[in-house]
Amino acid sequence: MPDVIYLESIADAFRYVLSGQKTGNVVVTLSTPAHSTGKAPMKKRYYRSMLSLCLLVVVFDAVYFPAHKTLEMFLGLAAVHVMLFGVVNFFGARWLYGPVAQAFDRSMDTPQARQRIRNLNWYSAVWIFCLGVGYYGIMLLLVYFSPMDTGDIAMEKIPASMWLTAIPSILYVYALLPAFIAWFVVNDFTLDLKAKAFGQFGFVYPAGNRRIGPTLLVTFIILGFFPSVLVTLELIATHAGETYTQFSAMTPLEAILPDRIIVFIGMIFAVVYITRSFTKPIHALLGEINRVRDGDFSTQAAVITEDEIGVLTREFNGMVRGLHERELIRDTFGKYVTRDVADAILNKKVNVAGEVRQCTVLVTDIANYTGIAEDLTPQEVIEMLNEYFSEMVAIIQAHRGVVNKFIGDAVFAMFNVPLDDPDHAVHAIRAALEIRNISTTRSFGKNRRLSTRIGINTGVVVAGNIGSAERMEYTVIGDEVNVASRLEQLNKEYDTHILLGGNTYEMAKGHFEFDKLGTLQLKGKERAIEVYTVKQ
């Protein structure tokens, strides 16, 4: 592939070619590299948005040309407007966008940039309105210092009705309407700018401070009410009698039609940009909704409007944060129980307040653990236990069991809690057999063989949350749990690996072959129980 060299201007390109550095397969481009895109383009887009008002105003001048039919007047008005809405407007746009440009250029979050981005559409509209008022002031000065050729009619004899219609028309067409359009054009730009600021700086703007209704009301007033007032004033002026005809040869239709065309242009802008102000944030929100639907709970939508859609976006973000926290809990909880159990508990399908149910308890312990630990460093002990517990957990969960806790080198697991498992005793024994086989066939840590003793017992327990308000644990309690622990300890006396109680034997006797050790008195227990070992 050719080497790509990025240059900022045509002058830099010429200097590069003349320097003689061009060797081999090289491509020179004026495009910015990928890491710098997004800074200048936003600034240039804002400048284009503001300077587009100059073209719009010149179009307004062209609309009036068929009425006055004077090329000199059209060129004169266009020149003034290019100077105001082109040159002066450019420097104003640079000043308005200055804090925003500095923030992006320096990748620095500033309060001035936040405020300017938030109100850029309002500042821009006010600036355009001031330029229109400035144009009106220039027209008054030209009329005053360059009096009209009115023949025998003095300037003071111009009917008041003509002034009454001329002044509002000029201010509406060249100040209010351009400012109104500028608000929507720049607002469309700021929607993307806010999204970019959110992605780069995490800017979050308050939602709910503004409403869609007032925006639509102002639109109706500017495009409906004000033009109706101007039409009324035009009709009043055209009926001023002979005095009016000495100053204008236009018929009432010719006087009203240009204003109607201009208002129609304003309506087109309003319809397009009002629609975009609704659809753009909605489409952005739909994009984030699709990401959440695909399982990405880390996403957050940029709040780019402060109206009802912004409130909707804010509430969506709150919902996604809740889902993300829930997913984090599920993932964390899933490290201790199976995914099915975690889902059941989080979906409140499990009574964590406490319930009496039958359970098979499995307790494991490493034979001669104390001696093994004495020969190892603490780090080596942790490494060995982590490998060992990883195997134990995988086996128990594969047989529908739940590892409830680790106690030193011991594993405490339960079956049929919290999810129903009709064959819980069978599954516990199968898990125990697999644990015994793994312990005799593989090494852990630094080539350590670990012999595992296992006690299994089945009976009625109480399952639920145990602990304090600050820290709770879902577990099972009851005498049958203690029996399982005593059976595990009894392996040491009989040199066995797996011992189980009579209840477990009764539930699983059709699946395995057993040897009965007898009816034994367990340590700390008043009643004797039948004790079995499994042959496989």
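N457 touches C359, T360, V361, E480, V483, A484, L487, G501 and T504, leaving out residues up to four places away in sequence; contact means heavy atoms within 4.5 Å. N457 lies in strand β6, and its side chain makes a polar contact of 2.6 Å with the side chain of E480. A polar contact is a pair of N or O atoms within 3.5 Å; within protein, one must be able to donate a hydrogen and the other to accept it, and residues adjacent in sequence count only if both atoms are side-chain atoms. With a relative accessible area of 3%, N457 is buried. Buried means under 20% relative accessible area, exposed over 50%, and partly exposed in between, with a 1.4 Å probe and protein chains only. Helices (H or I, at least four residues) and strands (E, at least two) are DSSP runs, numbered from the N terminus.

The model is predicted: local features need pLDDT of at least 70, side-chain atom pairs count only at pLDDT 80 or more, and totals for chains, interfaces and linings use all residues. Residues are numbered from 1 along each chain as its sequence is written, and side-chain values use heavy atoms, with hydrogens and water left out.

N317 belongs to helix α9 (residues 308-333) and has a relative accessible area of 6%. Apart from neighbours within four places in sequence, N317 is in contact with Q300, A301 and V303. L131 is in helix α4, with a relative accessible area of 5%. Under the same exclusion of neighbours within four places, L131 contacts L84, F85, V88 and N89. The C-alpha atoms of L131 and G92 are 10.0 Å apart, although 39 residues separate them along the chain.

The next table gives the spans of two helices. The expected span is 1.5 Å times one less than the number of residues.

| Helix | Residues in helix | First to last C-alpha | Expected span |
|---|---|---|---|
| α12 | 21 residues | 30 Å | 30 Å |
| α13 | 18 residues | 26 Å | 26 Å |

Helix α13 is largely enclosed by the rest of the structure, because 13 of its 18 residues are buried. The buried residues of α12 include E380, M384, Y388 and F389. Among the elements that cover the buried residues of α12 are β3 (355-366), β4 (401-407) and α13 (424-441).

Some backbone angles also stand out. Most residues other than glycine have a negative phi, and most peptide bonds are trans. S107, in the loop between α3 (71-106) and α4, has a positive phi of about 50 degrees and is partly exposed at 46% relative accessibility. N447, in the loop between α13 and β6, has a phi near 60 degrees and is exposed at 64%. A cis peptide bond, with omega about 0 degrees, joins V417 and P418; P418 is in the loop between β5 and α13.

The second largest pocket holds about 660 Å³ of space. Of its 31 lining residues, N121, W122, W183, N187 and T215 are the closest to its centre. Helix α5 gives the most to this lining, with nine residues. On a 1 Å grid over the protein atoms alone, a pocket is an open set of points where a 1.4 Å probe fits, with protein on both sides within 12 Å along at least five of seven lines; lining residues have an atom within 4 Å of a point. Grid points are joined across faces, edges and corners, and a volume is the space filled by probe spheres set on the points.
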